[in-house]
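Please look over the sequence and the structure shown below, and keep both in view while reading this report.

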Amino acid sequence: MATQLYPFSNPILSPLSRLSNPPLLLLLPPNSSSPFRPSPPIRPAPLLPLRLRSSLFAFSFTPAGKRRILASLTASMLPENPFAYDVCIAAVASAFAFSMLRFWEEMAKRRVFDQKLNRKLVHISIGLAFMLFWPLFSSGRQAAFLASLAPGLNIIRMLLLGLGIWRNDAMVKSISRHGDYRELLKGPLYYASTITLATLFFWRTSPVAISAICNLCAGDGFADVVGRRFGTQKLPYNSNKSVAGSFAMASAGFIASVGYMYYFSMFGLIEVSFRLIFGFLIVSLATAIVELCKISSLWG
């Protein structure tokens with residue numbers, strides 16, 4: 001009776017067929033009922049659940065698959081209840097924002113950067129980093145409110161510091177122009193209020209929120225950094241402004257707005273269009289023109 005080599009179906013390709021004395025248990029008739037017949041090999045269980053594996057497969061091919069894999073990863077680690085889920089995301093976003101503030105406080109305390117440069121680095125990074133967490137929130141009505149708590153708490157901090165009720169010299173030094181705590185009632189307070197209102201009323205599906213925060217953070221921030229370094233050519237009617245700084249403001253605000261448009265489109269929140277890109281350009285140019293006016297210096 002012919003014999004077959006188990007578990008390999010082809011004896012020629014099997015490494016056991018090359019042995020001069022193959023194991024006895026492996027040389028059995030095809031339909032043998034011997035109790036010593038080896039059982040089929042046990043396949044290990046997949047490391048990922050079926051839902052996640054299917055999402056990974058789709059992730060390699062379609063944009064919709066990318067959204068499914070991100071949703072699967074977050075859903076596997078966070079609560080299923082939408083309110084509890086948003087509370088967790090809001091807590092993570094707030095902790096991240098306050099950690100960044102703490103980081104820049106230490107930079108100011110150690111004098112790693114110039115005080116004015118350190119202030120603008122805070123100005124650029126906090127709002128843009130906070131917006132990265134927006135797509136992680138659920139689609140519930142409570143999401144915008146919970147997300148606005150982080151900048152809302154920062155409004156309270158600016159009021160307490162600016163009124164002298166709370167004292168924190170390191171923070172005042174990191175976000176003020178000249179180290180005066182009363183300055184926090186101007187620019188820093190307007191900054192936190194703008195982000196809070198944009199989060200609460202416009203949220204992530206509106207290009208207004210993207211444009212407002214990107215021009216506030218990236219546009220105004222890079223205008224000061226570039227203007228101080230390369231702004232040798234001042235404007236004739238406003239010696240505090242330069243051509244380089246104005247160009248940097250319009251460019252940085254526009255690039256950041258387009259970048260976040262594409263970022264939000266990955267999650268299906270905003271649809272990419274030329275009309276929207278052109279709108280971002282108009283808004284960035286308009287904010288740069290407004291910044292050229294002398295009245296803008298009154299806002300701190």
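How many disulfides does the count come to?

## Cysteines

The count comes to zero disulfides, where a disulfide is a pair of cysteine sulfur atoms within 2.5 Å. C214, for example, is in no disulfide, and the nearest cysteine sulfur, which belongs to C217, is 7.3 Å away.

C214 counts as buried, with a relative accessibility of 0%, whereas C88 is partly exposed at a relative accessible area of 28%. In these terms, buried means under 20% relative accessible area, exposed means over 50%, and partly exposed lies in between, using a 1.4 Å probe and protein chains only.

## The model as a whole

This is a predicted model, in which local features need pLDDT of at least 70 and side-chain atom pairs count only at pLDDT 80 or more, while totals for chains, interfaces and linings use all residues. Residues are numbered from 1 along each chain as its sequence is written, and side-chain values use heavy atoms, with hydrogens and water left out.

The protein has 11 helices and four strands, which are DSSP runs numbered from the N terminus (H or I, at least four residues, for helices; E, at least two, for strands). Of its 300 residues, 40% are buried. Among contacts with a separation of 6 or more, 64% are between residues 24 or more positions apart, a contact being heavy atoms within 4.5 Å.

## Helices α4 and α9

Two packed helices are described by the angle between their axes and the distance between the axes. For α4 (residues 115-131) and α9 (residues 207-230), the axes come within 9 Å and cross at roughly 160°; axes are lines fitted to C-alpha atoms, for helices over the stretch in contact, and angles run from 0 to 180 degrees between N-to-C directions. The two helices are therefore roughly antiparallel to each other, a term for angles over 145 degrees.

Residues of α4 including L117, I124 and L128 meet residues of α9, among them I213, C217 and V225. By class, this contact of α4 with α9 has 12 nonpolar, three polar and five charged residues; Ala, Val, Leu, Ile, Met, Phe, Trp, Tyr, Cys and Pro count as nonpolar, Asp, Glu, Lys and Arg as charged, and the others, Gly among them, as polar.

## Helices α9 and α10

α9 also packs with α10 (residues 243-265), at an angle of about 145° and with the axes 7 Å apart. In this contact, residues of α9 including C214, A218 and F222 meet residues of α10, among them A248, A252 and Y260. By class, the contact of α9 with α10 has 15 nonpolar, seven polar and one charged residues.

How values were computed. Angles under 35 degrees count as roughly parallel, over 145 as roughly antiparallel, 65 to 115 as roughly perpendicular and the rest as oblique.
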